[in-house]
Amino acid sequence: LAEDASAAYWNPAGLAHIKRPEVVTLYAVLFEKTGYGFLSAAYPTARWGTFAFGIANLTSTDFDKRDANAFDVGSFSNSESAALISYGINLPHQLSLGSTLKVAHHQIDQEAGTGVGADIGVMAKPWTFLNVGLAVQSLFGPAITLRSDSDKFPVTTRLGFAFRPWR
C-alpha cells in the first residue's frame, strides 16, 4: 500500500496518489560484507498520471575464489541489480492502476546475465478510511541465464489493507 516513490517497487498503483515530486533512497549494510541500496524518484503530472524510475542493488563481496585444485586465486563478488520504470494512474470509482517494467541483472564473478520483466498493481479506496492494494510482481519474467543455467523470478502476489479511522 505504498503511496510514495517506493511504490515503484511495492505496488506501482500507489504512484497515482503522489501529489508532488518525490525521491526515496536507502542503503543498508547487511551481514558478511553485503549491502542493499534502493533509489526511486517519482514525478506526478496533472494530466498523464505519475512516472517513476528506480534502481535496486544487492551486493556481496570478498568470497574466496579457488581453482580446480582448491588453491586460493583471489576473491569474487555477487551482485544483483534492477532498473525500474513505473507508471501509475487514477481511474474512476476510487481505483488506481500501475505497472513497472524491470530490467534485472545478475553477476557472479565474471559470469553475467540480464532479463526483462513486469509487475502490475491495483489499489482501491472503497471508503475514506480503507485502502486495499493488490500487486503481482514478476508477472512476466524476468529470466536470467548464467552460463547454461536459467533462473526465472517467481510470480509473487501481495494483498494489503490499510484501515485509517481518523483520516
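A: Strand E3 and strand E4 (residues 72-91) run antiparallel to each other and are joined by 14 bridges. Strands here are DSSP runs of E with at least two residues, helices are runs of H or I with at least four, and both are numbered from the N terminus; two strands count as paired if DSSP finds at least two bridges between them. Within this pairing, Leu 58 stands opposite Glu 80 in E4. E3 and E4 form a hairpin with five residues between them, and Ala 70 in that turn has a positive phi of about 70°.

The model is predicted, so local features need pLDDT of at least 70 and side-chain atom pairs count only at pLDDT 80 or more, while totals for chains, interfaces and linings use all residues. Residues are numbered from 1 along each chain as its sequence is written, and side-chain values use heavy atoms, with hydrogens and water left out.

E3 also pairs with strand E2. E2 (residues 34-45) and E3 (residues 49-66) are antiparallel, with twelve bridges between them.

Next, the backbone. Asp 62 lies in strand E3, and its phi is near 65°, a positive value in a residue other than glycine. Asp 62 is partly exposed, at a relative accessible area of 45%; the classes are buried under 20%, exposed over 50% and partly exposed in between, with a 1.4 Å probe and protein chains only. Asp 109 is another non-glycine residue with a positive phi, near 55°. Asp 109 sits in the loop between strand E5 (95-108) and strand E6 (111-127), and is partly exposed with a relative accessible area of 24%. A cis peptide bond, with omega about -5°, joins Gly 141 and Pro 142. Pro 142 belongs to the loop between strand E7 (130-140) and strand E8 (143-146).

Now the charged contacts. The structure holds seven salt bridges, each defined as a side-chain nitrogen of Lys or Arg within 4 Å of a carboxyl oxygen of Asp or Glu. Lys 125 and Glu 3 form one of them, at 3.5 Å from N to O. Lys 125 is in strand E6 and Glu 3 in the segment before helix H1 (7-10), so this pair ties together parts 122 residues apart in sequence. Glu 3 also forms a salt bridge with Arg 164, where the closest N and O atoms are 4.0 Å apart. Because Arg 164 lies in the segment after strand E10 (156-163) and Glu 3 in the segment before H1, that pair ties together parts 161 residues apart in sequence. Arg 164 is partly exposed, with a relative accessible area of 27%.

Glu 111 and Arg 147 also meet through their side chains in a salt bridge, at 3.4 Å from N to O. This pair links distant parts of the chain, 36 residues apart: Glu 111 is in strand E6, and Arg 147 is in the loop between E8 and strand E9 (149-152). Glu 111 is partly exposed, at 30% relative accessible area, whereas Arg 147 counts as exposed, at 69% relative accessibility.
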